[in-house]
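Please look through the model below with these notes beside it. They are numbered so that each can be checked on its own.

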Amino acid sequence: LYRKEHSSSHEPRRDEGVHWGVQNGLYLSRITIVYFKHNDMTSLESILDKLTHGNKQAEKIRRYIVVEAVYQNSGQIAPLDEIVRLKEKYHFRVILDESHSFGVLGNSGRGLAEYYGVSVSQFTIFH
């Protein structure tokens with residue numbers, strides 16, 4: 001778990017296993033970043049709960065869960081059904097990087113969202 005020192009109106013929770021490009025983009029944005037254990041939904045839920053429980057300002061902050069559909073570093077897929085459930089429960093937005101899943105996952109190769117039967121409208125940024 002890592003948290004930058006300064007505050008921001010945007011706070012992503014990101015899987016510690018995302019590739020360098022995502023990590024670098026988040027770092028350069030100078031926002032608060034909180035990491036959860038790779039593909040560990042118990043870790044993610046624990047962090048989301050800690051950050052939102054009793055925090056009256058939490059609803060005013062744009063909060064994101066940042067994940068890759070297929071992790072470049074490991075080849076594992078994100079448990080998208082659980083991520084969407086947690087996103088809805090804690091009122092977060094999801095940024096999903098589908099760049100390694102297009103053409104590979106789903107009945108017609110449209111990626112992890114199609115594989116799980118999740119509408120792309122569930123995501124803030126769908127790449």
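1. On the α2 side the contact is made by Met41, Leu44, Glu45, Leu48, Asp49 and Thr52. On the α3 side it is made by Glu82, Ile83, Arg85, Leu86, Lys89 and Tyr90. Contact means heavy atoms within 4.5 Å.

2. A word on the source: this is a predicted model, in which local features need pLDDT of at least 70 and side-chain atom pairs count only at pLDDT 80 or more, while totals for chains, interfaces and linings use all residues. Residues are numbered from 1 along each chain as its sequence is written, and side-chain values use heavy atoms, with hydrogens and water left out.

3. The protein chain holds four helices and five strands. Read from the N terminus, the order of elements is β-α-β-α-β-α-β-α-β. Helices (H or I, at least four residues) and strands (E, at least two) are DSSP runs, numbered from the N terminus.

4. How much of the protein chain is buried? Of its 127 residues, 45% count as buried. Buried means under 20% relative accessible area, exposed means over 50%, and partly exposed lies in between (1.4 Å probe, protein chains only). The accessible surface of the protein chain comes to about 7,200 Å², and carbon and sulfur atoms account for 49% of that. These areas come from the Shrake-Rupley method with a 1.4 Å probe; for residues, only the protein chains shown count as cover. Of the contacts between residues at least 6 apart in sequence, 65% join residues at least 24 apart.

5. Phenylalanine 92 is in the loop between α3 and β4. At 3% relative accessibility, phenylalanine 92 counts as buried. What sits over its ring? The charged end of arginine 63 does, 4.3 Å from the ring centre. A charge sits over a ring if NZ of Lys or CZ of Arg is within 6 Å of the ring centre and within 35 degrees of the ring normal. Phenylalanine 92 and phenylalanine 123 are 31 residues apart in sequence, with 9.9 Å between their C-alpha atoms.

6. Histidine 91 also belongs to the loop between α3 (80-90) and β4 (93-97). Histidine 91 counts as exposed, at 53% relative accessibility. Its phi is positive, about 60°, although it is not a glycine. Most residues other than glycine have a negative phi. Asparagine 39 is not a glycine either, and has a positive phi of about 55°. Its place is the loop between β2 (34-36) and α2 (41-52).

7. The count of aromatic pairs comes to one. The rings of tyrosine 115 and tyrosine 116 have centres 5.4 Å apart and planes at 85°, so the pair is edge-to-face. Rings of Phe, Tyr and Trp (its six-membered ring) pair if their centres lie within 6.5 Å; planes under 30 degrees apart count as stacked, over 60 as edge-to-face and the rest as tilted. Tyrosine 115 is partly exposed at 48%, and tyrosine 116 is partly exposed at 28%.

8. Which residues does glycine 106 touch, leaving aside its neighbours within four places in sequence? Glycine 106 is in contact with Gly111, Glu114 and Tyr115. Glycine 106 lies in the loop between β4 and α4 and is partly exposed, with a relative accessible area of 22%. The C-alpha atoms of glycine 106 and glycine 117 are separated by 8.5 Å, at eleven residues apart along the chain.

9. Valine 120 is found in the loop between α4 (112-116) and β5 (125-126). Valine 120 counts as partly exposed, at 45% relative accessibility.
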